[in-house]
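Subject: Structure for you to look at

Hi,

Here is the structure I promised. Please open it, then read on for what I found.

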Amino acid sequence: GIVSQSPNIMDLVKCDGAALLYKNKIHRVGVTPSDFQLSDIVSWLIEYHMDSTGLSTDSLYDAGFPGALALGDTICGMAAVRISDKDWLFWFRSHTAAEIRWGGAKHEPGEKDDGRKMHPRSSFKAFLEVVKTRSLPWKDYEMDAIHSLQLILRNSFKEVDASESETKKIHNKLNDLRIDGLQELEAVTAEMVRLIETASVPILAVDTDGLVNGWNTKIAELTGLPVDEAIGKHLLTLVEDLSAE
């Protein structure tokens with residue numbers, strides 16, 4: 001919802017990409033690190049920033065993330081907040097060069113930098129070398145918006161987890177009752193079969209079609225007809241056969 005629908009989390013603050021890690025599944029929009037890189041970022045956050053609820057930086061390189069240079073200049077800044085122990089929300093920004101407007105004078109043809117001062121074009125190039133691993137900084141009002149969403153999602157995820165936990169408890173209870181009921185039914189059935197088989201009086205049973213489906217030991221003794229020969233035959237046929245004998 002907050003990733004795939006509109007408006008989504010990219011509309012909350014200015015960024016080039018955003019990602020939600022929820023229940024070990026990554027949902028992303030815009031320019032984001034790969035699954036492997038995101039996993040590295042999460043591991044780094046857990047190891048070095050687990051005491052905080054998140055991190056915002058305009059330079060992952062300066063913040064000490066080991067894989068910062070491998071991300072290239074498309075991902076330099078990051079705001080990350082922890083929703084739960086395993087769930088995270090990320091926003092990413094590229095380097096600031098695309099946002100810079102340089103007002104210095106142009107080099108004239110053949111003009112070169114001397115050792116005493118740096119001309120505008122050269123100083124701009126040097127400046128770009130500095131900012132290529134840095135994004136626009138995160139404003140206070142942007143972080144306020146991010147933290148507000150963090151609190152909302154924390155409460156929502158807790159409600160979902162509580163609901164899922166309660167549903168699981170109900171299902172487990174129903175399964176226990178079902179198992180207990182089946183076991184009790186099996187026990188009662190087994191006892192009834194035992195009582196019928198060992199009864200001192202002849203007992204037989206027929207189904208709705210008149211076919212014999214019960215023939216205890218006593219009736220087998222009285223009629224001389226074993227159980228395996230009686231079961232499945234029509235009662236009238238058995239009576240006729242026994243009468244003929």
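Which residues does L60 touch, leaving aside those up to four places away in sequence? The list is W44, F65, A68, L71, I75, C76 and M78. Bear in mind that this is a predicted model.

L60 also belongs to the largest nonpolar core, which has 18 residues. Together with L45, M78, F90 and F92, L60 touches the most other members. Two or more residues of this core come from each of β1, α1, β4 and β5. Helix α1 gives the largest share, five residues. As background, nonpolar side chains in soluble globular proteins tend to be buried together.

Now the sheet. It is open, with five strands in the order β2-β1-β5-β4-β3, and the pairing is antiparallel. At the edges sit β2 (25–30) and β3 (54–57), each pairing on one side only. On average, neighbouring strands are turned by 15 degrees against each other, direction ignored.

Strand β1 covers residues 17–22 and β5 covers residues 88–93. They run antiparallel, joined by five bridges. G17 stands opposite F92 in β5. F92 is also one of the core residues named above.

Last, the helix. α1 (residues 35–49) lies across β1, β2, β3, β4 (77–82) and β5. Its direction is at about 110 degrees to β5.

Best wishes

Conventions. Residues are numbered from 1 along each chain as its sequence is written. This is a predicted model: local features need pLDDT of at least 70, side-chain atom pairs count only at pLDDT 80 or more; totals for chains, interfaces and linings use all residues. Side-chain values use heavy atoms; hydrogens and water are left out. Two strands pair if DSSP finds at least two bridges between them. Helices (H or I, at least four residues) and strands (E, at least two) are DSSP runs, numbered from the N terminus. Axes are lines fitted to C-alpha atoms, for helices over the stretch in contact, and angles run from 0 to 180 degrees between N-to-C directions. Contact means heavy atoms within 4.5 Å. A nonpolar core is a set of buried Ala, Val, Leu, Ile, Met, Phe, Trp, Tyr and Cys residues joined through side-chain atoms within 4.5 Å. Buried means under 20% relative accessible area, exposed over 50%, partly exposed in between (1.4 Å probe, protein chains only).
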